[in-house]
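Dear colleague,

I am handing over the structure we talked about, and I would be glad if you could look through it beside the notes that follow.

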Amino acid sequence: MTTTSSPFRVGDRVRGTSYVPPDLRRREAPEPFEGIVVQVGTGYPKIDAEGDFLWVRLADCTERQSLVTDTELHS
């Protein structure tokens, strides 16, 4: 788990825009999503140092990664 602080907790309902790593942006584009937070932080300190990440499970049971700054609580 990351040592950075996050305004989100596992189980929170959120919406936002998915994160696409720079090396994949030629094939993938960020997309809007709504779902439930299943992981806060990537689990890799060097990656989390560059920004706070979330993993969110969507209604179709797929997951999206997002930056905390691109995500908001959704009721």
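Two strands are said to pair if DSSP finds at least two bridges between them, and the strands themselves are DSSP runs of E with at least two residues, numbered from the N terminus. Please bear in mind that this is a predicted model, in which local features need pLDDT of at least 70 and side-chain atom pairs count only at pLDDT 80 or more, while totals for chains, interfaces and linings use all residues. Residues are numbered from 1 along each chain as its sequence is written, and side-chain values use heavy atoms, with hydrogens and water left out.

On those terms, β2 and β3 run antiparallel and are joined by four bridges, with R57 in β3 as the bridge partner of I36. They belong to an open sheet of five strands, ordered β4-β3-β2-β1-β5 with antiparallel pairing, whose edge strands, β4 (63-67) and β5 (71-73), each pair on one side only.

Strand β1 is joined to β2 by five bridges, and G16 stands opposite F33 in β2. Three bridges link β1 to β5, where E72 is the bridge partner of R15.

Leaving aside neighbours within four places in sequence, L54 is in contact (heavy atoms within 4.5 Å) with residues including F8, V37, V40 and V68.

Finally, a search of the whole structure finds one aromatic pair, for which ring centres of Phe, Tyr or Trp (its six-membered ring) must lie within 6.5 Å, planes under 30 degrees apart counting as stacked, over 60 as edge-to-face and the rest as tilted. Y19 and F53 form this edge-to-face pair, at 5.1 Å centre to centre and 75 degrees between the planes. Because Y19 lies in the loop between β1 and β2 and F53 in strand β3, the pair ties together parts that are 34 residues apart in sequence. Y19 is partly exposed at 24% relative accessibility, whereas F53 is buried at 7%.

Conventions
Buried means under 20% relative accessible area, exposed over 50%, partly exposed in between (1.4 Å probe, protein chains only).
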